[in-house]
Each structure stands twice: as structure tokens, then as C-alpha cells.
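My entries follow in the order I made them.

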Amino acid sequence: MRLEGKSAVIFVEDLVEEIELLYPKYRLIEEGVKVKVAGPEVRVFKGKNGYAIKADVSFDEINVNDYDVLVIPGGYAPDRIRRNKTALELTRKFYESGKVVAFICHAGWVPISAGILRGKKVTGFFSIKDDLVNAGAEYIDSEVVIDGNLISSRTPDDLPAFCRAIISALSD
């Protein structure tokens, strides 16, 4: 396992797109990364398709210095997460610390609200293209877009490329 010693935090809220949380979680674990799922509180969250996903820790318990990457899955959870000041502060701190901030589908709403996308190249689900552009980002319709420490993808179909990009960034 080549990424032992690395750690990741994945945000969760109700109505998360489960595959966009679970695929990266298990792909990173497979590479030896220690993964924690964080939500506004430690409890079970109900995904968009009805699956239960438990938060290991709350946003308040996250210390950015303890992690190498932040992964934000999509679904409708990002619209809830973006209303949480602690989650936005964590997103900004990961970004400003030069750590990977990876987001997929509707998850671009979180870095938009965190104010970190101006002048950056990103992608996301087509329905949030205007939101990304209005936040000052350049939208690129591609399975994965990497701009510095930002990694973004569009849909569950892009998960293989999304995870390869995260793993590659953690390998550097």
C-alpha cells in the first residue's frame, strides 16, 4: 500500500450521492489512506438513494493539519454543507494550506461558498455551470479538471478519473 501515512476526510450530509462518497472512500482505503467521514454531527445520514452513511467525526472535530485531502461528494448534500460555517472554514483552510480539495458533481457549491474558486479551472455537474462561472471560475467540460490543489469532476461516471487524480496528487 503506497499511500500509508496519508489521511483523508470526506464530507457527508443528508441526500449525499452515496456512490460519490463510497467509491472514493474505499478506493483511498485500498491505497492505504486512513479515511474519516465528517458531518455536522456524528450520526447516521440518509443518502439520496436511501443508504445510511455514518459520520465518524463532526466538522468541529476536524483539524486540517491531520489530513492530506478533503473530498466533497455531490448529490444534494453540498447545498446543506455550504450553509455550515465550520465546513466552509475547513474547505478554505484545506485550500489555503495547499492540501487537495476534491469535489464532484454538485459539490462545487461548497468551494463556491468558501470563496476559493475565483480564477480557477473547474468542472462539475452541468446544472451548476452558471454557479461556478458566476463564482469566477472557468468551467471546463471534462471528466476531471486539476488546477493546483483543486480536483473536480462532473458525475458518477467520472469517478475512476476523479479517484486516479486524487491518488496521483497524494503520491507526489
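I call a residue buried under 20% relative accessible area, exposed over 50% and partly exposed in between, with a 1.4 Å probe and protein chains only. The model is predicted, so local features need pLDDT of at least 70 and side-chain atom pairs count only at pLDDT 80 or more, while totals for chains, interfaces and linings use all residues. Residues are numbered from 1 along each chain as its sequence is written, and side-chain values use heavy atoms, with hydrogens and water left out.

Entry on serine 58. I looked up its burial: serine 58 has a relative accessible area of 10% and is therefore buried. Serine 58 lies in strand S5 (residues 57-58); helices (H or I, at least four residues) and strands (E, at least two) are DSSP runs, numbered from the N terminus. Beyond its neighbours within four places in sequence, serine 58 is in contact (heavy atoms within 4.5 Å) with Gly39, Pro40, Glu41 and Val42.

Entry on H1. The 13 residues of H1 should span 18 Å, and its end C-alpha atoms are 18 Å apart, which agrees. Buried in H1 are Glu18, Glu20, Leu21, Pro24, Lys25 and Leu28. These pack against strands S1 (7-11), S2 (34-39) and S4 (52-54), and also S6, S7 and H6. Glycine 32 follows H1 and has a positive phi, near 95 degrees.

Entry on H6. I found that the buried residues of H6 include Phe162, Cys163 and Leu170. The partners of the buried H6 residues include helix H1 (18-30) and strand S10 (145-147).

Definitions and conventions. Expected span 1.5 Å × (residues − 1).
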